[in-house]
Amino acid sequence: MSARRALHYVFKVGDRAKTAAFYRDVLGMRILRHEEFEEGCKATCNGPYDGKWSKTMVGFGPEDDHFVMELTYNYGVGEYRLGNDFQGLTLQSSQAVSNARRLGWPLSEAGEGLYLAEAPGGYRFYLLDKEQPSKDPVQKVCLAVSDLQRSTHYWSSLLGMQVYEKNEDKNTCKLELKHIGGAVDHGTAFGRIAFSCPKEQLPDIEALMKKEGQKILTPLVSLDTPGKATVQVVILADPDDHEICFVGDEAFRELSMVDPNGESLLDKAMAADKSDEWFAKHNKQKAVA
C-alpha cells in the first residue's frame with residue numbers, strides 16, 4: 001500500500017453557503033478547487049443524481065500531501081438523511097476550537113481536550129484542542145462496521161492496508177473501523193472515501209475484487225473534468241457498502257493541483273445560485289433526498 005495515498009472523503013451538502021462557512025471560518029480550511037458540472041458523474045461521484053452539480057475540494061493544504069474533503073452539491077436537493085455510516089473525522093487544531101467559540105458554533109465535550117462540532121447536515125468533526133501541526137492536522141476518518149473481523153480482512157488482506165496500533169502516529173490520516181453492534185445505515189447522505197494508486201494497478205484491483213466475489217460499483221472508467229486532466233477510477237463497496245474510489249495517481253496529481261481561483265469560483269457559483277430564492281418565492285421547499 002506504500003504506493004497508494006488516502007485522498008479525501010466525499011460529503012453531500014444541501015446548503016453550500018453554511019457549509020463553506022463551517023469549513024472556512026470554523027475549521028480554518030481553504031478552498032483548493034471548485035468545479036461545476038452540467039450532468040451527473042459516470043462514477044456517481046455526486047450520488048444517484050443526473051442533474052447539475054458541483055464539487056468543492058477543501059482542506060488545510062494541497063491534495064498532494066493533505067487529506068481533504070470533497071463537498072458535492074446537487075442543485076435542487078436541500079437536505080439528505082444522515083445514517084450511522086460516517087462516525088466522524090478527527091483533526092488537531094486549537095485554532096478551530098477557538099474559532100468555533102468565537103463564532104458561537106456549538107461545541108460539546110467528547111473527551112479530555114476533545115470537542116465535537118457538527119458541520120451542516122450533521123457530519124461530526126472531532127477537534128483536538130492542541131496546536132495545529134505543520135503537517136496535515138487531519139488524523140483519522142472513522143467508519144461504522146457491523147463485523148470488525150470481516151471488515152479488517154477486507155481492508156487489510158484484500159486492499160493491502162496496514163493495521164496500526166490505536167495511538168500509533170504515522171504522520172498520515174488513518175482509517176478507523178468502529179464496530180457498532182448492528183447494521184450500517186447509509187441514509188441518503190452516504191459518502192465515499194478515495195485513494196490513489198499507480199494507474200497500472202487499477203485493472204489488478206478490479207480483477208482481485210471479481211475473483212474474491214466482492215462488490216464493484218463502477219468498473220474501470222475514465223472521468224473527464226472540463227479543462228483538466230482525465231482520470232481513471234474503479235469504485236468498490238466494502239462488506240458494509242462503504243463506497244471506495246481508487247483513482248490513477250499520475251493524472252489525479254495533475255487534476256488536483258490547487259486552483260488559485262478556487263475561492264472566487266465557489267463564491268461566484270453560490271451568488272449565481274438563486275434556487276433558494278425561487279423556492280421561497282413559490283412557497284416550496286427543496287427536495288429532501
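Mentor: Helices (H or I, at least four residues) and strands (E, at least two) are DSSP runs, numbered from the N terminus. The model is predicted: local features need pLDDT of at least 70 and side-chain atom pairs count only at pLDDT 80 or more, while totals for chains, interfaces and linings use all residues. Numbering starts from 1 along each chain as its sequence is written, and side-chain values use heavy atoms, with hydrogens and water left out.

Start at Ser256. It sits in the loop that links α5 (249–255) and α6 (262–272). Ser256 is buried, at a relative accessible area of 3% (buried is under 20%, exposed over 50%, partly exposed in between, with a 1.4 Å probe and protein chains only). What does the side chain of Ser256 reach? The backbone oxygen of Phe252, at 2.7 Å. Set aside the neighbours within four places in sequence, and Ser256 is in contact with Arg33 and Glu63 (contact means heavy atoms within 4.5 Å).

Beyond four places in sequence, the residues in contact with Asp249 are Arg5, Ser196, Cys197, Pro198 and Lys199.

Next, strand β4 (residues 68–74). Seven of its seven residues are buried. In a regular strand the side chains alternate between the two faces of the sheet. Both faces of β4 are covered. On one side lie Val68, Glu70, Thr72 and Asn74; on the other lie Met69, Leu71 and Tyr73. Strands of a sheet pair through backbone hydrogen bonds, either parallel or antiparallel. Here a pair needs at least two DSSP bridges. Strand β1 (residues 5–13) runs parallel to β4, joined by six bridges. Val13 faces Tyr73 in that pairing. Strand β3 (residues 53–59) runs antiparallel to β4, also through six bridges. There, Met57 has Glu70 as its bridge partner.

Now the other sheet to look at. It is open, with six strands in the order β7-β8-β9-β6-β10-β11 and mixed pairing. β7 (108–111) and β11 (174–179) are the edge strands; each has a single partner, so one side of each has no neighbour in the sheet. From one strand to the next the twist averages 30°. Within the sheet, β8 (residues 114–118) and β9 (residues 124–128) pair antiparallel over five bridges. Leu116 finds its β9 bridge partner in Tyr126. Helix α2 (residues 94–103) lies across β6 (86–92), β8 and β9, at about 115° to β9 (axes are lines fitted to C-alpha atoms, for helices over the stretch in contact; angles run from 0 to 180 degrees between N-to-C directions).

Two loop residues deserve a check. Thr44 has a positive phi of about 50°, although it is not a glycine. It lies in the loop between β2 (30–37) and β3. Thr44 is partly exposed, at 35% relative accessibility. Asp241 is not a glycine either, and has a positive phi of about 70°. Its loop runs between β14 (231–237) and β15 (243–248). Asp241 is partly exposed, at 36% relative accessibility.

Then the cysteines. Cys142 is buried, with a relative accessible area of 7%. Cys41 is buried as well, at 16%.

Last, the record. UniProt, in an unreviewed entry, places the feature "domain: VOC" at residues 5–130 and 137–249. Its positions are given in the numbering used here, feature names are shortened, and annotations may be inferred rather than shown by experiment. Over residues 5–130 the chain is 17% helix and 44% strand. The end C-alpha atoms of that stretch are 25 Å apart.

Terms used:
A polar contact is a pair of N or O atoms within 3.5 Å; within protein, one must be able to donate a hydrogen and the other to accept it, and residues adjacent in sequence count only if both atoms are side-chain atoms.
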